[in-house]
Amino acid sequence: MSEQSVFELSKPGRRGYAYPVSDVPVGQDLPAHLRRKDPPKLPELSELATVRHFSRLARMSFGVDYGLYPLGSCTMKYNPKMHNEVAALEGFARLHPLQDDDTVQGALMVMERLTASLGAITGMAGGTVQPSAGAHGEYTGLKIIRAYHLAREDHARTKMIVPVSAHGTNPASAALTGFSIVEVPTDDRGLVDTKVLETLLDETVAGIMLTNPNTLGLFERDIMKIASMVHSCGALLYYDGANMNAIMGMVRPADMGFDVVHLNLHKTFSTPHGGGGPGAGPILVTKRLLPFLPRPGIKNIGNALCMDWEERSSIGKVSGFWGNFLVLLRAYAYVLTMGCEGLREASRHAVLNANYLRARMNGMFLRPYEGLCMHEFVVSAQRFKEQYGVGALDFSKALLDRGIHPPTMYFPLIVHEALMIEPTETESLEDLDAFVTIMAELVGLASTDPDHLLRSPLHTEVRRLDEVRAAKNPSLRHCIDGMCTT
Ligand SMILES: Cc1ncc(COP(=O)(O)O)c(C=O)c1O
């Protein structure tokens, strides 16, 4: 059943809300050429029709509250509802960002303490919670790396090294910051090829961007060697901490030799990831980079906190007002409720769950890189594609019919027909076993009834969409009888 738009459901004269009759003159001060000639064409619906419309739409979509969501690299774990309640507390939710510092001491304290907690988790000296996404954190961190080199009058450092397996935002952020990108390949273990890296390092390199575990779900075992090689040529190490869910409380990016790190609070720290909702990508840095952090910071003046705008070497401000404050609040609530041991346990379970699935799915798909994984692992559906014409996309579509969100497909790009599976720490043994049973069924169907997979999904609201066209030529305008959504 498809859902009609609010414009199709509209009936003239229906209202969801009755405004009192205005007792002041309307629009008198507006110049005539700015006034509307006709009233806007808005949908007219009762409150009940509106509520039912949106409830039906909600039922047609999928979320982690409905079922397993093993979307690799995205950490779609369950986020405790209690943190939404904290974020909805009136004293926080109704603050205005232009209020005077002395009226927002609680909010300043949350941001200051969260920065300190994230500093402890990453081993860094200080940071900022301003950036609003992972990619925004990358951009901020790279600007700091650039400012650091320029402050030392080291103008030749224009290159950023990025592994071929990196998340797409890494090269994009480096390009946006003005660096030229140099790719470093992975070796046959799926790790950075240090022999090639050695040949790339010289006085024109500003830094390297790495995530550890990398996007194949593998821990970069040579990280200490890599850090020493990069530092000895005068460059810095940027840590894409979006995969922090795998290592919290066990190893700190600063101890691995990184100089800058961003964290995706909307993956690891209790804000849902995906759906384009608000996120936060705070960055943390080592002591020598502190002067370059964005302003304002937060400083303690006696027994009060205030915004601190002073710092001549700062790269400036990177977000409007305070960034996504309520996401920061959720993260702080998460850190407090979990505690050190709880965060460590979360990471242990994320790695355990991934390895449990990896071991139980052994033999079903080809694994391009063998051995233990961290919080996620990558398999390839290449042999099914070659033998039966059934690829990663077809397995994914069949999973939808079985109440499971598909894993990430076709990423990382270096693995053909990739399926990237990240169960996260919040899934139970029963849910993991149910996933294995379903995957075994689909693997069986791939050879006995490939057509079933090729025709899937059969039971979803919409069947196969032209995803390329939807992404490249999105139609965001829907018109009926002259009424349009845009
Ligand atoms: C490894 C990695 N790096 C960077 C990002 C980018 O984060 P964002 O989507 O918030 O910009 C992601 C997103 O999931 C990621 O998985």
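Select phenylalanine 321 to begin: this residue is exposed, because 11 other C-beta atoms lie within 10 Å and a residue with 12 or fewer counts as exposed. The model on display is a predicted one. Phenylalanine 321 sits in the loop between strand S9 (304-308) and helix H11 (325-360). Its phi is near 50°, a positive value in a residue other than glycine.

Next, select tyrosine 410, in the loop between S11 and S12. Tyrosine 410 also is not a glycine, and its phi is positive, at about 55°. Is tyrosine 410 exposed or partly exposed? Tyrosine 410 is partly exposed, with 15 other C-beta atoms within 10 Å.

Proline 412 belongs to the loop between strand S11 (408-409) and strand S12 (418-421).

Another cis peptide bond can be displayed by selecting serine 456 and proline 457, where omega is about 0°.

Now show the whole protein as a cartoon. There are 16 helices and 14 strands to be found. Along the principal axes, the C-alpha atoms fill a box of roughly 75 × 70 × 45 Å. Of the 486 residues, 40% count as buried. Among contacts with a separation of 6 or more, 72% are between residues 24 or more positions apart.

The interior is the next stop. In soluble globular proteins, nonpolar side chains tend to be buried together. Here, the largest nonpolar core has 107 residues, and those with the most contacts inside this core are Ile144, Tyr238, Val260, Leu328 and Ala331. Helix H11 supplies the largest share of the core, 15 residues. Select alanine 331 and display its surroundings: apart from neighbours within four places in sequence, alanine 331 is in contact with Leu114, Leu265, Phe269, Ser270 and Thr271.

Proceed to helix H6, residues 134-151. From its first C-alpha to its last, this helix of 18 residues reaches 26 Å, close to the 26 Å expected at 1.5 Å a residue. How many of the 18 residues of H6 are buried? The number is 14, and H6 is thus described as mostly covered. Glutamate 153, which follows H6, has a positive phi near 60°.

Select the ligand next. Around the ligand are 15 residues, of which Ala133, Gly134, Ala135, His167 and Ala242 come nearest. By residue class, this shell divides into four nonpolar, ten polar and one charged.

The tour ends at valine 6, in helix H1 (residues 6-9). Valine 6 is partly exposed, with 18 other C-beta atoms within 10 Å. Select glutamate 44 as well: valine 6 and glutamate 44 are 38 residues apart in sequence, and their C-alpha atoms are 8.1 Å apart in space. Leaving aside neighbours within four places in sequence, valine 6 is in contact with Pro43, Leu45 and His53.

Definitions and conventions: Residues numbered from 1 in each chain as written. Predicted model: local features only at pLDDT ≥ 70, side-chain atom pairs only at ≥ 80, totals over all residues. Near = placed C-beta within 6 Å. Nonpolar A, V, L, I, M, F, W, Y, C, P; charged D, E, K, R; others polar. Helix = DSSP H or I, 4+ residues; strand = E, 2+ residues; numbered from the N terminus. Buried ≥ 20, exposed ≤ 12 C-beta atoms within 10 Å, placed from the backbone. Contact = placed C-beta atoms within 7 Å. Core = buried A, V, L, I, M, F, W, Y, C linked by C-beta atoms within 7 Å. Expected span 1.5 Å × (residues − 1).
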